[in-house]
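Here is a short report on a single protein chain. Look through the sequence and the model first.

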Amino acid sequence: MLGKQTSQPVGSSVPGIREQKRLRDKFGRAITDLRISITDRCNYRCVYCRDGETPGYSDMPFADVVRLANLLVSLGIEKIRLTGGEPLLRRDLLELVHALGSLKKEFSPQAEPIDLAMTTNGHLLAPLAQPLREAGLQRITISMDAVDDETVTRITRVPGSLRHVREGIRAAQQAGIEGIKINCVLLRGFNDHEIESFAAFSREHNVIVRFIEFMPLEEGRVWQPEMVVTHDEILARLQKVHAMHPLEPTATGETALRYGFADGIGEIGIIAPVSRPFCGHCSRIRITSDGKLRTCLFSQSDHDLYGVMRRGGTNEELDAYIRKIVHGKEERHHIGEEGFQKPSRSMVHIGG
Ligand code: SAM
């Protein structure tokens, strides 16, 4: 099932002395993309993610999140995505978005603002969409795993959740947040009957729907190779109903393979880490809600950045620590290989 890994590093051909300051790993991959989990609490218990049995970690305080983000932006981070757990549960969210939204790209001559995005389950989004936009949120991805109420409840284990998510999507559109994407993790036997309905949803609501292959990152023991609905299967199903054509990536290091419809209305993305891994151009690092640095979703250990800060570490010390950890970033994940081990934390405690 495991596909061939791509191995072309991104950004390695960009010349310049300042470029030497840029964070890179030992394979030459430039690290430009940071995911910050701002809490590992969540109001859903999605079957592919969280059973709620593992105790949570404590959230890093506001000032420390902002300090780390500042530091990482000075090392070349250009995109920050706030995630969790459920980021909308964080009380000081608007202040955080405001503080992070004003950071500028270090390596861009025009000092453009960084790209600030969020991934949310959307349950609490309706009243927050407009304030988030005003605070500086540029893009949003909303998780919605089915278009049918019963199937959504079977996955989130929260009755009536689809109504809230749909209200959240509408509010984000009304607030004028651009590039709204809907994430759907496909699980065979749960929601794989909805692939075609999602294509219709994308077209009807003018949103980008992204199907994600199920990865073994859940708290419980649900993942089985047979449950993964692969890229090829998804595309074949869509092509029975629509003439889909591939679209160019919008950014270097983009994880989704994009497909358009003949009339240009709607868009489907397929994120296929299991059948078509994209580790070769991975530009990502993650900070967990308790301030641990992770270099891969599947890392067997994480690195206590917040511990260094709490012990009075200076920015120079943090800089050196981050460089050392990033240098050792894993070459790739090993899903589907013999001896594969689940990571040291599950998705909800890492930040997806
Ligand atoms: N609570 C927010 C949400 O639901 O979008 C943010 C956190 S969630 C961990 C981030 C993303 O990870 C979601 O789109 C979710 O569907 C995805 N995800 C979680 N567990 C996954 C798994 N085992 N395999 C693939 N994607 C997963």
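**Confidence.** This is a predicted model. The mean pLDDT of the chain is 93, and 95% of the residues score at least 70. Residues 6–14 stay under 50 in pLDDT. For this stretch the model has 24 contacts beyond four places in sequence.

**Overall form.** The chain holds 10 helices and 12 strands. A compact globule of 352 residues would have a radius of gyration near 20 Å, so the 19 Å of the chain agrees with that form. Along the principal axes, the C-alpha atoms fill a box of roughly 55 × 45 × 45 Å. Of the 352 residues, 55% count as buried. Take the contacts between residues at least 6 apart in sequence: 73% of them join residues at least 24 apart.

**Surface and charge.** The accessible surface is about 15,300 Å². Carbon and sulfur atoms account for 51% of this area. The chain carries 46 positive and 46 negative charges. Their mean positions lie 3 Å apart.

**Helix α2.** This helix covers residues 93–101. Which of its residues are buried? They are L93, L96, V97, A99, L100 and G101.

Technical notes: Residues numbered from 1 in each chain as written. Predicted model: local features only at pLDDT ≥ 70, side-chain atom pairs only at ≥ 80, totals over all residues. Heavy atoms only, no water. Helix = DSSP H or I, 4+ residues; strand = E, 2+ residues; numbered from the N terminus. Rg over C-alpha atoms; globule rule 2.2 N^0.38 Å. Buried < 20%, exposed > 50% of the residue type's maximum accessible area, 1.4 Å probe, protein only. Contact = heavy atoms within 4.5 Å. Areas by Shrake-Rupley, 256 points an atom, 1.4 Å probe, with all protein chains shown as cover. Lys, Arg positive; Asp, Glu negative; His and termini not counted. Charge placed at Lys NZ, Arg CZ, Asp CG, Glu CD. pLDDT = per-residue confidence, 0-100.
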